Amino acid sequence: MRSREQVALIWEDDVYPTLTLIAFLVLLSLAVFPLARRSGTPFLLIVLGIGMLAGEDGPGGIDFDDFRLAYDLGSIALAVILFAGGIETERRIPKKVIISALLLAIPGVLITVGIVGGLTHLALGIPILTALLLGAVIAPTDAAATFMLFQHGNVSVPKKVKDTLFLESGLNDPVSIGLTVALTAFIATSNHFDTNSLLGSSYIVVVQIVSGIIGGLIGGWLLTALMNKLPVPVGLYPVLAFVGGLFVFGLVGMLGGSGFMAIYIAGAVVRNRLVHPVDRIMNFSEGLQWIAQLLVFLLLGLLVTPSQLANTLVPALICAAILMFVARPIAVFVTLGASRFSFKELTFISWMGLRGAVPILLSIYPIIEPGPISHVFFNIVFVVVVSSLLLQGFTASFLGQKLALDRKDDAADK
């Protein structure tokens, strides 16, 4: 049994330096934000770089390789980001936008996984299941990266295009998560498909999606009803909304549904049904979103070892090229080709499949689970994500201007 003095000494020795380091890295990240905005550099990419500089290969020299802890903390941060994204979802989104986002989030992801898996298997000789697993991990677009780009990247496009990309980034995670879990299990056990296992995995994915949608709608409705009737100080409404969102996330996840989809939808329901002014909740959620984004990208930057990326650079860049130039455009034009989007709008949506923290977090799952997937898998996904942030993030504003997509086109959409 430790004495009170021993406990106090451990607290000072362990907690204070760690807290000071985390606060310093966050302050440094915030300090370079104006530079990122002026230069057009994706801010989250700079934060990722700061994390790498603080890591074992950088001047910071921090040796961090706890993939399990990174996955757990990253999942919580992602839930916070998605809830804030739901809160920021504007009222009365047209049904055609919702349908378009769902088409990209479900069949679009499946098409992307198939194309990436098949072509990387042929081009790089990766076993087909591992190649499909790679496709499942890098298929989802990232909510944090997408929100940040449109908020601070000087990207001007029609509202229906922006809303479709926002919704897609919030809704496509469950399909990729379900496929990642299923394919990881296949590789760890039999390393081949069989009809029963395939049908069982498909059933699990469908259940997760449907349960996430239903749970988010019910949870958001109950949370809003509680907030509308519960007489609490105005300053507590943001806390009530946030804690309620986390409760929906945890409960739906415990019941076998997609907690990520549930918390995103719950946030959107709160935004649309809340009687009280939502300004305080939006400001509070935006602050939490910033903290979550900074922490998760700093954490992932610490987790990667830059000296190990050289051996995977060529295959990772090939995979990134397949994703950005082949799989994403085909998925977009196949799923939305018959919609009311113009060719220019479809071209922009095809290019704006930004990857971010979600694929990197998903790449950790096969590593921490039993099976043959090694850290090389994580390194490949990391390079793919950085390539997406660099190439697509830097060119988003230019492409929007080049295609003559601006908000004056909104009048034609109404």
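**Exercise 1.** Which residues form one aromatic cluster with F67?

*Solution.* Bear in mind that the model is predicted. The residues to look for are F378 and F382, which together with F67 form one aromatic cluster.

**Exercise 2.** Classify the aromatic pair of Y71 and Y365, and work out which parts it ties together.

*Solution.* Begin with the total, which comes to 8 aromatic pairs. Next, locate the two residues: Y71 lies in helix α4 (residues 67-87) and Y365 in helix α17 (residues 357-368), so the pair ties together parts that are 294 residues apart in sequence. Finally, turn to accessibility, where buried means under 20%: Y71, at 19% relative accessibility, counts as buried, and Y365, at 16%, counts as buried too.

**Exercise 3.** Describe the largest nonpolar core and the surroundings of F43.

*Solution.* The largest nonpolar core has 131 residues, and those with the most contacts inside it are F43, I138, F348 and I364. Helix α18 (residues 375-402) contributes the largest share of this core, namely 12 residues. If residues up to four places away in sequence are not counted, F43 touches S29, V32, F33, A36, M148, W290 and L294.

**Exercise 4.** Is helix α10 mostly covered or mostly uncovered?

*Solution.* Helix α10 spans residues 173-188 and has 16 residues. Of these 16 residues, 13 are buried, and α10 is therefore mostly covered.

Key: Residues are numbered from 1 along each chain as its sequence is written. This is a predicted model: local features need pLDDT of at least 70, side-chain atom pairs count only at pLDDT 80 or more; totals for chains, interfaces and linings use all residues. Side-chain values use heavy atoms; hydrogens and water are left out. Helices (H or I, at least four residues) and strands (E, at least two) are DSSP runs, numbered from the N terminus. The expected span of a helix is 1.5 Å times one less than its number of residues. Buried means under 20% relative accessible area, exposed over 50%, partly exposed in between (1.4 Å probe, protein chains only). Rings of Phe, Tyr and Trp (its six-membered ring) pair if their centres lie within 6.5 Å; planes under 30 degrees apart count as stacked, over 60 as edge-to-face and the rest as tilted. A nonpolar core is a set of buried Ala, Val, Leu, Ile, Met, Phe, Trp, Tyr and Cys residues joined through side-chain atoms within 4.5 Å. Contact means heavy atoms within 4.5 Å.
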